[in-house]
Amino acid sequence: MRRIALVTLVVDDYDEAIRFYTEALGFHLVEDAPRPDGSRWVVVATDPDGHGGALLLARAKGEGQRARIGDQTGGRVGFFLHTDDFARDRARMRAAGVTFLEEPRQEPYGTVAVFQDLYGNRWDLLQPATP
């Protein structure tokens, strides 16, 4: 079996990113380990065991990486958070201060709305349509 294990998300600060992804989006902190170079290995995931979708939160090093924070996909939606209860999760996220860029809409593939993370990266909150 093969699967994508992690996707790197370049962040400005480990602790503020951990707070946002765990508190506002409901992710789980799976790992936070120091590295010899002073950086940290920080993994947040949609499930507590880390076997679902997971992000490696990597603090930017240098101006080139700092320039990519919040614009890793050139302004496109680059991340997709699936839910089994769109209304519940949207309400919880909004109460936690998450900015939605549009009202929810119905598409053939499900209920969706674009939101942005604390750095401005665009995400879809998506409840897939049932077949």
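The largest nonpolar core holds 28 residues, and Tyr 21, Leu 57 and Phe 115 touch the most other members. Such a core is a set of buried Ala, Val, Leu, Ile, Met, Phe, Trp, Tyr and Cys residues joined through side-chain atoms within 4.5 Å. Buried means under 20% relative accessible area, with a 1.4 Å probe and protein chains only. This is a predicted model: local features need pLDDT of at least 70, side-chain atom pairs count only at pLDDT 80 or more, and totals for chains, interfaces and linings use all residues. Residues are numbered from 1 along each chain as its sequence is written, and side-chain values use heavy atoms, without hydrogens and water.

Several elements supply at least two core residues each, including strand E1 (7-11), helix H1 (14-24), helix H3 (86-95) and strand E9 (122-128). H1 gives the largest share, six residues. Helices (H or I, at least four residues) and strands (E, at least two) are DSSP runs, numbered from the N terminus.

Now take Tyr 21. Tyr 21 is buried, at 0% relative accessible area. Beyond neighbours within four places in sequence, its contacts (heavy atoms within 4.5 Å) include Leu 9, Val 44, Leu 57 and Trp 123.

Next, the rings. Seven aromatic pairs are counted, with ring centres of Phe, Tyr and Trp (its six-membered ring) within 6.5 Å. Planes under 30 degrees apart are stacked, over 60 edge-to-face, the rest tilted. Phe 20 and Tyr 21 are edge-to-face because their centres lie 5.1 Å apart with planes at 85°. Phe 20 is buried too, at 12%. Ring pairs join Phe 20, Tyr 21, Phe 27, Phe 79, Phe 100, Phe 115 and Trp 123 into a cluster.

Notes. Buried means under 20% relative accessible area, exposed over 50%, partly exposed in between (1.4 Å probe, protein chains only).
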